[in-house]
Amino acid sequence: QPSSSSSSSYHEGNPTHFDAYRSLLRACLMRDPTQRPDAFEILERHTPGRGRTHSGIEAIDRHGTPGMRAECARRVEARRCATFRRFEEGLDFYFGSNWKRQSRTTAEMIILEAVNMGSLAARGFCLFHGLAGFSKDREQALSCYRRAGEDHEERAAYTLLGDAIRGAASGVEDLKDSLECYRKAALLGHAKGQRELGQSYELGIGIEKDTKQAVEWYQRAAKKGDSWAQCNLGWCYESGSGVEKNDIKAVELYLKAADQGHMKALYNIGLCYEEGKVVEQDLALAARCYQQAAEQGYIYAVHKIALCYENGIGLKQDLKEAAKWLKKATEVKNGPRKHRKVSSSAALELARLYMKGTGVRQDSRKALVLVKAAADQGSEEAKNQMAEFQEEAARMPVFQRHATTPRFLG
């Protein structure tokens with residue numbers, strides 16, 4: 001191993017030093033790795049160079065034998081890939097994907113480690129979300145993503161850049177730009193990029209709908225273990241979208257995604273167990289699947305587990321638990337129209353419980369408020385039943401009404 005003094009006295013024009021270090025490199029490379037696996041690392045660290053421009057690795061590249069240069073390049077590439085994989089592992093913990101249970105604490109620790117290893121994409125992610133002591137700075141984050149992708153081919157950087165552009169999209173051009181980012185990530189083999197590209201084809205986001213292309217990209221991501229891709233691909237097989245309908249294949253994919261704790265897959269496989277579709281009917285198992293998905297906040301599962309408790313489907317009837325889950329389902333005020341529809345259905349169910357005083361304290365005022373809220377969200381059923389609820393409330397004894405008629409009803 002070169003001493004610190006010899007390193008400091010190194011000069012590029014000194015052929016004696018060239019020969020000495022070449023001999024040392026050759027000697028280390030010829031060693032049995034089991035005897036001295038750190039030989040090349042020692043040389044990389046101690047081969048003299050001059051500042052950032054002439055690093056030790058560059059000295060090896062210039063003055064080593066072809067075999068040495070090849071080994072050096074292999075090790076540099078291995079470290080580069082290890083850095084990228086470390087960041088992607090952190091992302092998996094952050095989002096709870098690819099067999100990783102969501103843990104923001106673990107994610108932040110790993111992502112910061114990737115930053116220290118030199119990942120520009122990891123630095124950009126910290127800047128974008130304000131993690132690991134970084135202050136939020138969207139422009140700096142996007143700059144890091146672009147440099148990471150263009151200069152270092154960090155595949156996750158393209159996906160994250162696509163997410164950022166799409167999240168703030170103000171027109172078709174932005175959607176097309178995000179699509180190109182996903183395409184670059186997908187071609188580099190990033191599972192989330194492949195899934196996002198597939199979803200873009202499926203929904204026609206930034207490009208014309210093409211369900212066959214969607215299936216192709218979902219398949220690539222699903223093979224890598226992406227739970228969202230597995231679930232989306234399962235739906236394609238179940239509905240026959242872009243591929244021949246195959247319920248058995250759909251259930252297999254739902255089960256793979258559900259094993260990773262994917263909330264939508266858990267809900268879908270719960271439906272299969274409840275209906276006896278492909279699998280043997282098992283109401284208790286269906287309820288457990290709904291429960292696990294509901295605990296992650298999946299609105300459909302939240303409503304479904306409430307109905308299970310209310311009607312004793314797959315578990316013991318518990319009206320208090322039913323009311324608790326129905327209340328959670330009614331908390332969705334915005335979001336997609338289909339989510340608001342589920343929320344309004346839950347509001348009607350909860351209103352009936354308040355009107356009857358089952359599972360909750362009888363309160364016709366709260367019942368009417370819930371019916372009005374459901375009607376405001378566009379529920380035709382709620383609009384049609386408003387008068388019925390008002391008449392029932394009017395027939396109740398005064399002490400049971402709890403200020404039955406709200407002001408907005410006149």
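A salt bridge here is a side-chain nitrogen of Lys or Arg within 4 Å of a carboxyl oxygen of Asp or Glu. By that rule, a search of the whole structure finds 17 salt bridges.

A word on the source: this is a predicted model, in which local features need pLDDT of at least 70 and side-chain atom pairs count only at pLDDT 80 or more, while totals for chains, interfaces and linings use all residues. Residues are numbered from 1 along each chain as its sequence is written, and side-chain values use heavy atoms, with hydrogens and water left out.

| Pair | N to O distance |
|---|---|
| R86 and E89 | 2.6 Å |
| E196 and K192 | 3.2 Å |
| E139 and R138 | 3.9 Å |

Helices are DSSP runs (H or I, at least four residues), numbered from the N terminus. R86 and E89 sit 3 residues apart in helix 5 (residues 66-95), about one helical turn. E196 and K192 share helix 11 (residues 191-203), 4 residues apart. Salt bridges with shared partners join D163, K192, R195, E196 and D226 into one network.

How covered are these side chains? Buried means under 20% relative accessible area, exposed over 50%, and partly exposed in between (1.4 Å probe, protein chains only). E196 is buried at 10%, and K192 is buried at 18%. E89 is partly exposed at 27%, as is R138 at 34%, whereas E139 is exposed at 55%.

Now to helix 13 (residues 227-239), which is mostly covered, with 10 of its 13 residues buried. Among them are C231, L233 and Y237.

Key:
Helices (H or I, at least four residues) and strands (E, at least two) are DSSP runs, numbered from the N terminus.
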